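Please find below a colleague's note on the structure under review.

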Amino acid sequence: TSTFRAAVVEDISCGLPDIAEEHIEEYVSLPESMFGSGEFYIFRIRDESMIEAGVDPGDLVVIRRQETAENGQIAVVLVDEEATMKRFYIEDDRVRLHPENSEIEDFYVDNCIIQGVAVKVIKDLR
């Protein structure tokens, strides 16, 4: 079984692909058979904005680096030099970013840079 190395990052506000070493907690090996091919990184979740999608603080989300996302995908996007992970929708001439938490409202941006899409959640069982 072939594996690949992925960086676990706690802060992606610096944007990708330029993840600075100080933001990398560690590297882990993941099986390609489980995640597919491509370039990946792992984002450690710190907030509750995606809890209704089953993504809780402390969980790890495996992100495939790519510059596009389909409507409804959970994507990491860069907005005004700050990265966020939300459900992505293109509506009219703007982007709607939908947090999966009914206590947080959707927000709209005129443009953003897609950093990747979520492919798997690794639950924090501690």
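The note covers the basis of the model, the sheet, the nonpolar cores and the aromatic rings.

1. Basis. This is a predicted model, in which local features need pLDDT of at least 70, side-chain atom pairs count only at pLDDT 80 or more, and totals for chains, interfaces and linings use all residues. Residues are numbered from 1 along each chain as its sequence is written, and side-chain values use heavy atoms, with hydrogens and water left out.

2. Sheet. An open sheet of mixed pairing is formed by 9 strands in the order β2-β1-β3-β4-β9-β5-β6-β7-β8. Strands (E, at least two residues) and helices (H or I, at least four) are DSSP runs, numbered from the N terminus; two strands pair if DSSP finds at least two bridges between them. The edges are held by β2 (24-31) and β8 (107-109), each with a single partner strand, so one side of each has no neighbour in the sheet. On average, neighbouring strands are turned by 40° against each other, direction ignored; the axes are lines fitted to C-alpha atoms, for helices over the stretch in contact, and angles run from 0 to 180 degrees between N-to-C directions.

3. A parallel pair. Strands β1 and β3 pair in the parallel sense over 3 bridges. Valine 8 stands opposite isoleucine 42 in β3.

4. Largest core. A nonpolar core is a set of buried Ala, Val, Leu, Ile, Met, Phe, Trp, Tyr and Cys residues joined through side-chain atoms within 4.5 Å. Buried means under 20% relative accessible area, exposed over 50%, and partly exposed in between (1.4 Å probe, protein chains only). The largest such core has 15 residues, of which Phe43, Ile63 and Met85 touch the most other members. Two or more residues each come from β1 (3-9), β3 (40-44), β4 (60-65), β5 (74-79) and β6 (82-91). The most is given by β5, with 3 residues. Apart from this core lies another, of 10 residues, including Ala69, Leu97, Val109 and Ile114.

5. Individual residues. Which residues does methionine 85 touch, not counting those up to four places away in sequence? They are Phe43, Ile45, Ser49, Met50, Val55, Val61, Ile63, Ile74, Ala75 and Val76, where contact means heavy atoms within 4.5 Å. Phenylalanine 43 lies in strand β3 and is buried at 12% relative accessibility.

6. Aromatic rings. The whole structure contains 2 aromatic pairs. Rings of Phe, Tyr and Trp (its six-membered ring) pair if their centres lie within 6.5 Å; planes under 30 degrees apart count as stacked, over 60 as edge-to-face and the rest as tilted. Phenylalanine 4 and phenylalanine 35 are edge-to-face, at 6.2 Å centre to centre and 85° between the planes. This pair joins strand β1 to helix α1 (residues 32-35), across 31 residues. Phenylalanine 4 and phenylalanine 40 have their centres 4.7 Å apart and their planes at 20°, so they are stacked; phenylalanine 40 lies in strand β3, 36 residues from phenylalanine 4. Relative accessible area is 14% for phenylalanine 4 and 7% for phenylalanine 35, while phenylalanine 40 is buried at 5%.

7. Charges over rings. A charge sits over a ring if NZ of Lys or CZ of Arg is within 6 Å of the ring centre and within 35 degrees of the ring normal. Arginine 94 lies over the face of tyrosine 108, at 3.9 Å from the ring centre. Lysine 120 lies over the face of phenylalanine 35, at 5.9 Å from the ring centre.
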